[in-house]
Amino acid sequence: MRAKTVIASATLLFAALSMTPSVANAALSECNSNNMCLWGNNDFAWLIGERAHGSTTFTNLTGDRNDEMDSWANRSATYDGCMAGDSNGGGDKQGMARASNDNNVSPLNSDEVSSFRTRNGC
Ligand SMILES: [Ca+2]
Ligand SMILES: [Ca+2]
């Protein structure tokens with residue numbers, strides 16, 4: 001019985017992976033120049049936040065976008081951004097250096113970001 005369940009789960013997982021081309025447009029190029037962008041999955045898939053550079057206000061990620069960030073991009077050449085583990089800039093921080101990106105953040109920083117700002121770093 002147990003082996004059967006495992007096989008069924010593997011089949012479902014394969015089916016789910018096979019469907020990912022339907023969101024194939026997800027890409028780093030989704031993030032416009034001078035913006036900072038967060039994606040809910042690795043490799044810039046599922047855009048969950050995009051803001052213009054230059055704002056010191058932390059904006060919250062809400063609903064199913066909260067606690068999901070796995071990749072990010074800072075397309076500003078001028079400002080450093082900051083992501084925070086709690087809403088309104090609280091908790092653990094991860095910086096977004098100007099003109100840089102990360103397609104797969106450390107597991108320690110994965111699925112925890114609740115707010116971000118686009119100026120003054122962390
Ligand atoms: Ca995620
Ligand atoms: Ca959080």
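A second one goes with it: I call two strands paired if DSSP finds at least two bridges between them.

**Entry 1: ground rules.** I am working on a predicted model, where local features need pLDDT of at least 70, side-chain atom pairs count only at pLDDT 80 or more, and totals for chains, interfaces and linings use all residues. Residues are numbered from 1 along each chain as its sequence is written, chains are lettered from A and ligands numbered from 1 in the order in which they are written, and side-chain values use heavy atoms, with hydrogens and water left out.

**Entry 2: confidence.** I looked up pLDDT, the predictor's confidence in each residue, from 0 to 100. The protein has a mean of 88, and 79% of its residues reach 70 or more. Residues 20-24 fall below 50, and beyond near neighbours in sequence that stretch has 0 contacts in the model (contact means heavy atoms within 4.5 Å). Where pLDDT is low, the predicted coordinates should not be read in detail, so I leave it there.

**Entry 3: the sheet with β1.** In which order do the strands of this open sheet run? I read β2-β1-β4-β7, 4 strands with antiparallel pairing. β2 and β7 are the edge strands, each pairing on one side only. From one strand to the next the twist averages 10° (axes are lines fitted to C-alpha atoms, for helices over the stretch in contact, and angles run from 0 to 180 degrees between N-to-C directions).

I then followed β1. Antiparallel to it runs β2 (residues 45-52), joined by 6 bridges. Asn-35 stands opposite Ala-52 in β2, and Asn-41 opposite Ala-45. The two strands make a hairpin with 3 residues between them, and Asp-43 in the turn has a positive phi of about 60°. β4 is joined to β1 by 4 bridges, again antiparallel, with Leu-38 opposite Trp-72. Of the 7 residues of β1, 6 are buried, so the strand is largely enclosed by the rest of the structure. My cut-offs: buried is under 20% relative accessible area, exposed over 50%, partly exposed in between (1.4 Å probe, protein chains only).

**Entry 4: the sheet with β8.** Here I find 4 strands in an open sheet, in the order β3-β8-β5-β6, with antiparallel pairing. The edges are β3 and β6, each pairing on one side only. β3 and β8 run antiparallel and are joined by 2 bridges; Asn-60 stands opposite Ser-115 in β8.

**Entry 5: calcium, ligand 1.** Which residues coordinate this calcium ion? I get Gly-40 (O), Glu-68 (O and OE), Asp-70 (OD) and Asp-111 (OD), at 2.1 to 2.8 Å. Donors are N, O and S atoms within 2.8 Å of the metal (3.2 Å for Na, K and Ca); water is not among the atoms, so sites may look incomplete. Along the chain the spacing is G-x27-E-x1-D-x40-D. Gly-40 sits in strand β1 (residues 35-41) and Asp-70 in the loop between β3 (59-60) and β4 (71-74), so the pair ties together parts that are 30 residues apart in sequence. Both Gly-40 and Asp-70 are buried.

**Entry 6: calcium, ligand 2.** For this ion I list Asp-67 (OD), Gly-85 (O), Glu-112 (O) and Ser-114 (OG), at 2.2 to 2.4 Å. The donor residues are spaced D-x17-G-x26-E-x1-S. Gly-85 belongs to the loop between β5 (81-84) and β6 (93-96), and Ser-114 to the one between β7 (100-102) and β8 (115-117), so this pair links parts 29 residues apart in sequence. Are these two buried or exposed? Gly-85 is buried at 12% relative accessible area, and Ser-114 is buried at 6%. Asp-67, in the loop between β3 and β4, is partly exposed at 34%.

**Entry 7: phi check.** Asp-67 has a positive phi of about 60° although it is not a glycine. Asn-88 is not a glycine either, and I read a positive phi of about 55° there. Asn-88 lies in the loop between β5 and β6 and is exposed, with a relative accessible area of 57%.
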